[in-house]
Amino acid sequence: MNALRTFIQTRRRMLAAGAVFLVVAGFLQFAGANPAQSQTITLTAYPSDADPAAPDSKAWKDALPIAVPLTAQAGTYAAGGGSIPTISARALHHKDQLYVRLEWTDATDDESTARVQDFSDAVAIEFPARAATSVPSICMGQADAGVNIWQWRADSQAGIPEVTTIHPNALVESYPSTEDLFFTARAAGNPVANPAIGAVQNLISRTFGTLSPAATQQVLGKGVYKDGKWSVVFSRPFAGPDVDQASFSSGTKTDIAFAVWNGSEGDRNGRKSVSAFVTLSISAQKLPGTGGGNDAMVLTIALLSLLGITALGVGLAVYGYREGRTS
Amino acid sequence: MPKVYNWQIGREMDYRFANGPAKLQFAAVFNTNRCIACQTCTMACKTTWTFSPGQELMWWNNVETKPYGGFPQHWDVNILTLQEKANPGGQTWDVSKKDPAKAPYGSFSGKTIFETADQVNNMVTGYIPPEDDWKAPNIFEDAATKHSPTGVSLPEHAGWFFYLQRICNHCTYPACLAACPRNAVYKREEDGIVLIDQNRCRGYRKCVEACPYKKSMYRPTTRTSEKCVGCYPRVEGTDPLTEGLPMETRCMTACIGKIRLQGLVKVGADGLWIEDRQNPLYYLVNVAKVALPLYPQFGTQPNVYYIPPRWVPRDYLRQMFGPGVDDAIAAYMNPSRETLAVLQLFRATQSIVFSYKVEQGPKTGELNVGGQKRELFNDTVIGYDSRGKEIVRVAVDEPVIERPSQVAMNTI
Amino acid sequence: MEQPRTPGRAFAGMEPLAAGLVCAAGVELLVLRTFTRTAVHIPGIEALAGPYNVVADFGRFAYYLSVVLLIAALPALAWRLWRSGDLAARVAGVVVVAFIAAAGGARWGIVSGYWIDAASIGAVLLLAAVGPSFAPWRQAAVAGAFAAAFALSGTHSLAQTATDPSLRFDSGGLLTPAEVAALLFALGTPLLVMRQPVRKEWLIAGAAAVLAYAVFAGNPWTTRILLLWNAGLSGSFPSVVYGAAAGAFTLTVVALFRDGRRLEAFGLLLLLGGGIGLHSTYQTGLVVAGAGLFLAGASAMRPGRAPARSAVIVTEPRGRAQARVAVATPRPSSSPR
Ligand code: SF4
Ligand code: SF4
Ligand code: SF4
């Protein structure tokens, strides 16, 4: 009888506790208050006094890079790529603009898409759209969480070539018309055909095949190829112009992923080297002085205490084992 | 991967998309036996669609000299090689599995270009011909396989060549469309014309890589791919000339050799042609079986049909047009009264002929073809437009007109 | 009368909470971390936006519930570890509390990302380090393998995140050892079973192995990326290895449940849910809770201590040795050797 009563009481207590848990969880979900904190590799954008727009700006000297591994995109048609194993990323902010500098090794400088077999080197950053409530699928976003992609292309930076530059010996008596109307894609408003597009395209996507230009095109970018390496700087003002695009502010975090296309490998669209999402943290504080071995000291203390406690644990284990034996 | 029915290979096959709704399909018959490679068709297309910067190497219509020529060079040999590598020794036909409606040429037991691709890296087996391959629209013009000092005779010429006229096939299962990761290529429900959306194309050239006929082409000045548009304003009937009635394309109507007939055929949602006995294209392809698809084994179900050249070694032709070649040549060499009448419709009018009628005429002669006696009749074929109105009437016997001898020498 | 030193019994009360946490985290893992991330690959999913959103919201709810349960479970676990009286267990309890404090501090911006990362690795390592003193060697070894994998993978992130250049190094080489340790962990779990598995257990484990192998071999890329996101593994070894790992792990969990060793089973499942490496304080929390529960449950298996739940303790004053003899369990298969 007593046992039964205890059982019912515990049952009741458990039900009550369960109800409390459910209500609290529901409340958190409703409020969108996530008590957990992301711990993925973090790229921190510290404030910079100098203008970091140029890839070789001195502002980048002290910005610490993170090395992000890249892999072939092999999940979805059109798969392939993987010829660029890592990309090095740095970030800064200056006058409420976010700057991201990417650097990777590529033996060939592919800037022309003049011939049918030529593809351009390119690099892109992917952010969750402002409207995304959870980290979107890295693969071009998902229906309930879109992504904002900034793509820099070497061929766009180089500009659309004239036939006479592609083929110096070509002889064309005359073209009946060189109006935009006869550059069909240009006339159709296609950004890739627009000679004034600039090096960076600002795109949005909500799953494969839905990639389209964002409503505004204010992302700037500049790439430099030197000594077998591309360095590209992207920049955009913090405020996202609409919910489909990313938005930033000092002291917040978001996610960031990278993709690199190697033109000479035939990389384009899905065929590329891709990273997973890492965290982008926009720091309000300046980078702690480079000399301050603060981290190093605390880490040493931590390591020492760890060793101590391990020794203690092993000691206790031995002791416990002996005790067990002797009793 | 959805399954679709491809009647040209007589079986189901894998294709990225299921059949969509379809009403009419752009189709044409080219009679290779009559082409003189004057390239009037080529220039008709060029001067209409591809005369602007960046389109210099683009020939949506081209006429090439087989077997050596090709635009781009060796396109067909290259695809056949890729396919053979992917399925060594397996690219064969089973002609015992014939069915008049669903498998008129038998069943292809090999793999299509969709079936040899892994569907992850590529939807279609193909390649991008490098720029140099596109530089000569009719390379090896008139080059025969060998010199025949003693002359040649049917059925197979010792030294031979022939002209192959090529435009986009507006395939029922387009490879270009299946390959586009952005779904920028689309096939129109109303006429089956395959177009590249010039707003969405991002110049990935997956269609250039995938189209086995290499009829999707890259334009560096817009960084997009362009292709034959099937002269869709004419097919729609928006050209003022025909007052709202569907009209044949530029390359068709310009044809000097009268080798081309183009129109629209009724198709069902399963990719099969709906019976339409009096449509001249339906008649030539499905009843007389005198015209065959180009490389049906690729699996795209192309919609330009060829009357094979009757002097060319049959194994070459079987590879190019499938196992229907022998019947098609027989039907062409010794045509029925109806076939002969329908052949008169080629280039008789610019408007699309939707149906025809043959009025029988008197016997006008006898011939001996390959040991067979043949009678000739002066039948008359009458063509009707989309509204059933008569638009053309041609007799088998061409009227002989003698010019008066006094006409000045330089008058034509 | 002094409380008998039966840590296992002290933790029995954790079971309902642990069960709830395992269920919530499991649903979260399957729906939120797996389904919604792969749904984009399902043809025609756009047309099913309504049902999809319901499922995704359900997954998100499971996430929040899991977080709440975790926030409740960690202090409860720490309290019981402390109460058990064992010095090592007390250390473990302190570690758990320290982790909660650090994670909370990180969330409210008091503790920097770097420090919560270091603290996470430290917490997991410490739990494994004190393990041998209150859990048998088998459990300690299994927990040790997991902790090694977690720490190696976590150190890679740490090396990438340090603001002090002197703490940066090319840490990519740590990922393969991490993967090896993680696989050893999974492959080593059957050590815990300590008896011949019965036919049914073999069958279930075999099915899990075949399924894992099939998924791996069938769609390697998606599986790998999911494994990377969910469990921090790169999936770079042959598919067979992952199939075997899945089989071994399943075998152990099923056998542990059958033997009534639920806390250990829950602990293992939570380790799986948390994965190796640093993802978020939530996932690290799952690992801390998992390691704690696993070792706590294991403490009951230590020679000289009564098994947790089903023990009948003869309380008449007798010597230790006699007490051990008097221990009886309902199922012979689960008696400690
Ligand atoms: S116009 Fe006619 S005859 Fe001349 S090349 Fe073209 S298809 Fe041949
Ligand atoms: S011929 Fe080529 S370009 Fe034309 S529809 Fe077929 S696959 Fe596409
Ligand atoms: S159908 Fe029109 S666009 Fe196509 S090849 Fe002929 S003329 Fe050119």
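Is Lys289(B) buried, partly exposed or exposed? Lys289(B) is partly exposed, at a relative accessible area of 23%. The term covers values between buried (under 20% relative accessible area) and exposed (over 50%), taken with a 1.4 Å probe on protein chains only.

This is a predicted model, in which local features need pLDDT of at least 70, side-chain atom pairs count only at pLDDT 80 or more, and totals for chains, interfaces and linings use all residues. Residues are numbered from 1 along each chain as its sequence is written, chains are lettered from A and ligands numbered from 1 in the order in which they are written, and side-chain values use heavy atoms, without hydrogens and water.

**Positive phi**

Lys289(B) is not a glycine, yet its phi is positive, near 50°. Its place is the loop between helix 7 (280-287) and strand 13 (292-293) of chain B. Helices (H or I, at least four residues) and strands (E, at least two) are DSSP runs, numbered from the N terminus.

Phe140(B), also a non-glycine residue, has a positive phi of about 60°. The loop between strand 6 and strand 7 of chain B holds Phe140(B). Phe140(B) is partly exposed, with 41% relative accessibility.

| Cis bond | Omega |
|---|---|
| Lys66(B) to Pro67(B) | near 10° |
| Leu154(B) to Pro155(B) | about 10° |

Where does Pro67(B) lie? Pro67(B) is in the loop between strand 4 (62-66) and helix 2 (75-86) of chain B. Pro155(B) sits in the loop between strand 6 (107-108) and strand 7 (162-166) of chain B.
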